[in-house]
Structure formats: C-alpha cells, structure tokens
Amino acid sequence: MSTERETRERSYRGISVRLARKYLQKLGGSAVADNRVEGDAWVATLADEKVSIGPSLKLTEVTVVFEGDPSTLDPLIERFSQKAMRAGG
C-alpha cells in the first residue's frame, strides 16, 4: 500500500456543502464534521462562498480539498464530479 499522499482542490458551482457532503457519503465516506468527510485512503474538506456571475447574480461555489492516496483520488474525484455536475445548473 502506498504511503504517498496528494492534495487536489476542485470547485463546483450550484451545489451546497450539504449536498456535496451527501455525495461524498454515497461514495463511501463518513461525515466527521459539517465540512469534513473521511473515507478509506482519502479525506475531503468542504468550504463554500458566494461568487458573482455577471453584474447582479450570485451563485454558491463549493470548494472541495481532496487529500489521500493518488490511486484513490482519481476515481473518487471523477465520480464526485459527475454527481456534482448533474446537480448544478
């Protein structure tokens, strides 16, 4: 088993921290705090902020910092991104 760890940050618009946490739990993680989900060989930390889209529209952007074994992160991020993209918009 690899002891190498990587950190990867991704941002998603149009979803909430609550929904992101739910998706990560469906992918095998356990919520250990409102903004942190831990799985086998990975951890995800969640944060959100309002970002401006044009002159008058604001949208929630959730940033997820994934940490873990590189061989685990690639499929996890891909599967999470697919769920997050379907939710947004």
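**Entry 1: β2 and β3.** I looked up how β2 meets strand β3 (residues 36–39), and found the two running antiparallel and joined by three bridges; strands here are DSSP E runs of at least two residues, helices are H or I runs of at least four, and both are numbered from the N terminus. I noted that β2 and β3 form a hairpin with two residues between them. Across the pair, alanine 33 stands opposite arginine 36, and alanine 31 stands opposite valine 37.

**Entry 2: provenance.** I am working from a predicted model, in which local features need pLDDT of at least 70 and side-chain atom pairs count only at pLDDT 80 or more, while totals for chains, interfaces and linings use all residues. Residues are numbered from 1 along each chain as its sequence is written, and side-chain values use heavy atoms, with hydrogens and water left out.

**Entry 3: the sheet.** I then traced the open sheet of five strands, whose order is β1-β5-β4-β3-β2 with antiparallel pairing, two strands being paired if DSSP finds at least two bridges between them. Its edge strands are β1 (6–13) and β2 (30–33), each of which pairs on one side only. From one strand to the next I read an average twist of 30 degrees.

**Entry 4: helix α1.** I found α1 packed on the sheet, touching β2, β3, β4 (42–53) and β5 (57–68), with its direction at about 150 degrees to that of β4; contact means heavy atoms within 4.5 Å, and such angles run from 0 to 180 degrees between N-to-C directions of axes fitted to C-alpha atoms, for helices over the stretch in contact. Within α1 (residues 17–26), I listed Val17, Leu19, Ala20, Arg21, Tyr23 and Leu24 as the buried residues, where buried means under 20% relative accessible area with a 1.4 Å probe, protein chains only.

**Entry 5: phenylalanine 66.** I placed phenylalanine 66 in strand β5, and it counts as buried because its relative accessibility is 0%. Leaving aside residues up to four places away in sequence, I saw that phenylalanine 66 touches, among others, Tyr12, Leu24, Val43 and Phe80.

**Entry 6: aspartate 69.** I located aspartate 69 in the loop between β5 and α2 (70–87). Aspartate 69 is buried yet has no salt bridge, and the nearest side chain of opposite charge, arginine 5, is 7.6 Å away; a salt bridge needs a side-chain nitrogen of Lys or Arg within 4 Å of a carboxyl oxygen of Asp or Glu. I did find a polar contact of 2.6 Å between the side chains of aspartate 69 and serine 71, a polar contact being a pair of N or O atoms within 3.5 Å, where within protein one must be able to donate a hydrogen and the other to accept it, and residues adjacent in sequence count only if both atoms are side-chain atoms.

Technical notes
Buried means under 20% relative accessible area, exposed over 50%, partly exposed in between (1.4 Å probe, protein chains only). Lys and Arg count as positive and Asp and Glu as negative; His and the chain ends are not counted.
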